[in-house]
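This report concerns the salt bridges of a protein model and the relation between its chains. The sequence and structure are shown first.

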Protein chains: 2
Amino acid sequence: MLYIIGLGLADERDISVKGLEIVRKAERVYLEAYTAVLLVEKDALEAYYGRSIIIADREKVESQSDEILAEAHEKDVAFLVVGDPFSATTHTDLALRCRQHEPPIPTRTLPNASILTAVGATGLSLYNFGQTVSMVFFTESWKPDSFYDRIAENVSLGLHTLVLLDIKVKEPNLQALARGKIVYEPPRFMSVAQCASQMIEIEETRKSDVCGKEKLAIGVARLGSEGEQIVAGTLEELTEADLGKPLHSLVLCGNKMHEMECEYAREFAVDKEKFDRIWKQNYAARS
Amino acid sequence: MLYIIGLGLADERDISVKGLEIVRKAERVYLEAYTAVLLVEKDALEAYYGRSIIIADREKVESQSDEILAEAHEKDVAFLVVGDPFSATTHTDLALRCRQHEPPIPTRTLPNASILTAVGATGLSLYNFGQTVSMVFFTESWKPDSFYDRIAENVSLGLHTLVLLDIKVKEPNLQALARGKIVYEPPRFMSVAQCASQMIEIEETRKSDVCGKEKLAIGVARLGSEGEQIVAGTLEELTEADLGKPLHSLVLCGNKMHEMECEYAREFAVDKEKFDRIWKQNYAARS
């Protein structure tokens with residue numbers, strides 16, 4: 001059996017009691033470590049779970065899954081995923097390979113907390129969210145803006161948009177690679193401030209009033225942990241916000257934002273008066 | 001401190017390790033028992049957690065929250081919620097009351113699995129979902145159809161819609177009430193089949209090609225438990241589907257449904273050939 005086990009969002013004790021029992025008994029334990037990260041290191045998990053953990057990077061999961069699946073038709077293998085197992089399509093892929101394996105490998109999934117619902121901590125109703133989008137790190141020459149079209153669709157319906165921010169772990173240094181050496185860059189995690197800047201940058205070229213400076217948004221960091229942080233304000237204000245350590249996410253508020261949502265979220269505002277004023281001008285009428 | 005603790009979806013062992021530690025130490029433990037239910041009874045929770053649990057019905061949470069919040073500014077109170085704490089606005093309400101309490105009551109939320117992401121078990125990508133809607137039990141004279149407008153918005157963008165199904169717990173019997181007696185009806189949980197019927201019924205009056213008989217949909221039951229069940233097919237086929245015990249939910253597939261999503265979901269199809277044919281005709285072109 002392949003158990004795909006969600007770990008939740010913060011640390012080694014966010015696993016479910018059921019998940020922990022499986023991890024402690026499994027033949028091998030893998031940790032998927034490239035679509036999201038916990039706020040603690042692998043050794044904290046190993047100490048608490050009492051198991052040694054094999055890191056599964058993108059290459060191992062996508063190209064060398066035979067190793068992960070070896071003997072899994074008769075032995076129990078635990079594959080740990082930060083957040084909820086279905087938060088990334090890569091895990092559906094893995095389940096599909098189990099189904100097509102000869103002999104087929106039974107799978108079982110243990111759901112857990114995901115940023116997709118933990119974002120309710122902002123006070124925004126989960127019923128008022130449209131599709132979720134991803135934001136990647138822009139470079140000088142590569143500024144993919146397809147997120148803008150998806151957000152525009154949500155905006156047209158007055159819905160909120162959760163923006164998930166890029167993480168880069170185990171990226172090879174290209175200069176070293178050119179010299180035939182594999183050297184990994186330190187991990188990078190996009191901040192709320194950088195995401196807000198990139199959104200404003202694309203608004204300035206696309207100009208469809210989707211994510212300009214005066215739009216209300218909420219930045220979140222380390223949700224579900226004791227040190228979680230939430231900051232609300234205009235996108236322009238958020239370009240200056242420092243929410244500290246990763247992981248960060250951002251919500252762009254839709255203009256159907258209800259009075260009760262506003263009442264809850266304004267407590268997190270950089271500038272409450274400004275937040276109220278903009279909400280009344282541009283949001284209250286639609287809610 | 002008021003701890004609002006998600007229990008996850010299936011049974012007493014879906015709570016996080018951290019949540020269990022808090023429950024075992026808290027002064028009082030409440031269980032919100034009207035927006036969702038676990039697949040086990042209260043006594044299973046009490047036995048496993050080693051605590052007696054006070055059931056918090058709608059009246060207690062919405063009108064008598066003073067009892068729940070009593071002394072919570074200096075003692076720890078655990079408020080348990082099936083699924084994720086923010087899955088229903090009623091919990092945001094409670095957190096707001098803590099903030100406005102004199103003296104203010106600190107709160108902490110422990111996220112957990114929610115149907116909103118566990119629905120990824122269908123193979124549908126969580127990125128391709130639009131807004132979530134609710135479906136209530138129709139009566140002869142009351143068939144609220146506002147869900148149709150929300151689904152139509154998702155359909156216009158090619159997005160999937162998660163439909164959450166009505167539950168009725170602790171509803172008074174109206175005949176007894178007229179005689180001055182309070183007698184509660186047995187709990188009722190909407191099935192996938194009934195939801196599919198109601199969707200088709202409204203399509204027949206509204207006629208905007210949103211949720212007619214030939215639309216693809218996926219019914220799910222008891223997600224996250226060992227007995228989880230998933231059935232895919234046309235809405236018409238789902239009106240005949242028996243997914244057994246509660247809780248059920250339904251996903252209406254958007255026509256941007258990707259080939260990989262189709263490949264995964266078709267394994268659950270009542271009639272795979274029909275599923276493939278309809279997908280090719282009406283969905284594949286958009287994906």
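Over all chains, the count comes to 34 salt bridges, a salt bridge being a side-chain nitrogen of Lys or Arg within 4 Å of a carboxyl oxygen of Asp or Glu. The model is predicted, so local features need pLDDT of at least 70 and side-chain atom pairs count only at pLDDT 80 or more, while totals for chains, interfaces and linings use all residues. Residues are numbered from 1 along each chain as its sequence is written, chains are lettered from A and ligands numbered from 1 in the order in which they are written, and side-chain values use heavy atoms, with hydrogens and water left out.

| Residue | Partner | Distance |
|---|---|---|
| E21(B) | R13(A) | 2.2 Å |
| K215(A) | D209(A) | 3.3 Å |
| D209(B) | K215(B) | 3.3 Å |

E21(B) is partly exposed at 31% relative accessibility, and R13(A) is partly exposed at 24%. D209(A), at 53%, is exposed, as is D209(B) at 52%. Buried means under 20% relative accessible area, exposed over 50%, and partly exposed in between (1.4 Å probe, protein chains only).

A network of salt bridges links D11(A), D14(A) and K18(B).
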